[in-house]
Amino acid sequence: EVQLVESGGGLVQAGGSLRLSCAASGFTFVDYGIGWFRQAAGKEREGVVCISNSAGSTYYADSVKGRFTISSDNAKNTAYLQMNSLKPEDTAVYYCAGGGGGYGSTCLGWASYDFWGQGTQVTVSS
């Protein structure tokens, strides 16, 4: 069974940091596109950062460039999202996604993925 299990969310003050983890099972995570998405209350799901399937290139949303970093540990079949200098506008439910079949920057689009984590709440207070 394919599963993506997320952890690491929580409440943090503005300027703080969090590291989200996404542990995959049932498939090899890095053989496909990997993405992190977020959805704030009442807002549309937004691509945060992704690694494309076709070339392994990394793409970041403008809103998180210089603050967030995607990484993976192949031995653990796990992806990470390091979030630094957090802002209140980063508050959202964060989702990891795997099995991406897109190419290039299309990996920032949620329709590219076959598998999704359960979501983890990140709340940034002022």
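Predicted model: local features only at pLDDT ≥ 70, side-chain atom pairs only at ≥ 80, totals over all residues.
Is Cys50 buried or exposed? That was my opening question for today. I get 0% relative accessibility for Cys50, so I log Cys50 as buried.

**Entry: overall layout**

I looked up the secondary structure next. I find eleven strands and zero helices in the protein.

Then I checked the dimensions. The C-alpha trace spans about 40 × 25 × 25 Å along the principal axes. For 126 residues, a compact globule would have a radius of gyration near 14 Å, and I get 13 Å for the protein, which agrees.

I have 43% of the 126 residues down as buried. The accessible surface of the protein is about 6200 Å². Carbon and sulfur atoms own 47% of that surface.

I also looked at how far along the chain the contacts reach. Counting contacts in the protein with a separation of 6 or more, 60% are between residues 24 or more positions apart.

Charges: I have 8 positive and 10 negative ones in the protein. Their mean positions sit 8 Å apart.

**Entry: the disulfides**

How many disulfides does the structure hold? I count two.

I took Cys22 and Cys96 to begin with. Their sulfur atoms are 1.9 Å apart, and the two form a disulfide. The torsion about their S-S bond is about 60°, so I note this disulfide as right-handed. Cys22 belongs to strand β3 (residues 18-25) and Cys96 to strand β9 (residues 92-100), so this pair ties together parts that are 74 residues apart in sequence. I checked the accessibility of both ends. Cys22 has 0% relative accessibility and counts as buried. Cys96 is also buried, with a relative accessible area of 0%.

Then back to Cys50. Its disulfide partner is Cys107, with 1.9 Å from S to S. I read 60° about the S-S bond, and the link of Cys50 and Cys107 is right-handed. Cys50 lies in strand β5 (residues 46-51), while Cys107 is in the loop between β9 and β10 (115-116), so the link ties together parts 57 residues apart in sequence. I had Cys50 as buried already. For Cys107 I get 3% relative accessibility; the cut-off for buried is under 20%, so Cys107 counts as buried.

What is the pairing when I number the bonded cysteines in sequence order? I write it as 1-3, 2-4.

**Entry: Ser21**

I stayed in strand β3 and looked up Ser21, which lies there. Ser21 has 17% relative accessibility and counts as buried. I listed its contacts, leaving aside neighbours within four places in sequence. Ser21 touches Val5, Glu6 and Ser7, then Trp36, and also Thr78, Ala79 and Tyr80.

**Entry: Ala41**

Where is Ala41 found? I place Ala41 in the loop between β4 (33-39) and β5. Ala41 comes out at 81% relative accessibility, so I mark Ala41 as exposed. I also took the distance from Ala41 to Thr91. The two are 50 residues apart in sequence, and I get 8.7 Å between them in space, C-alpha to C-alpha.

Definitions and conventions:
Residues numbered from 1 in each chain as written. Heavy atoms only, no water. Helix = DSSP H or I, 4+ residues; strand = E, 2+ residues; numbered from the N terminus. Rg over C-alpha atoms; globule rule 2.2 N^0.38 Å. Buried < 20%, exposed > 50% of the residue type's maximum accessible area, 1.4 Å probe, protein only. Contact = heavy atoms within 4.5 Å. Areas by Shrake-Rupley, 256 points an atom, 1.4 Å probe, with all protein chains shown as cover. Lys, Arg positive; Asp, Glu negative; His and termini not counted. Charge placed at Lys NZ, Arg CZ, Asp CG, Glu CD. Disulfide = S-S within 2.5 Å.
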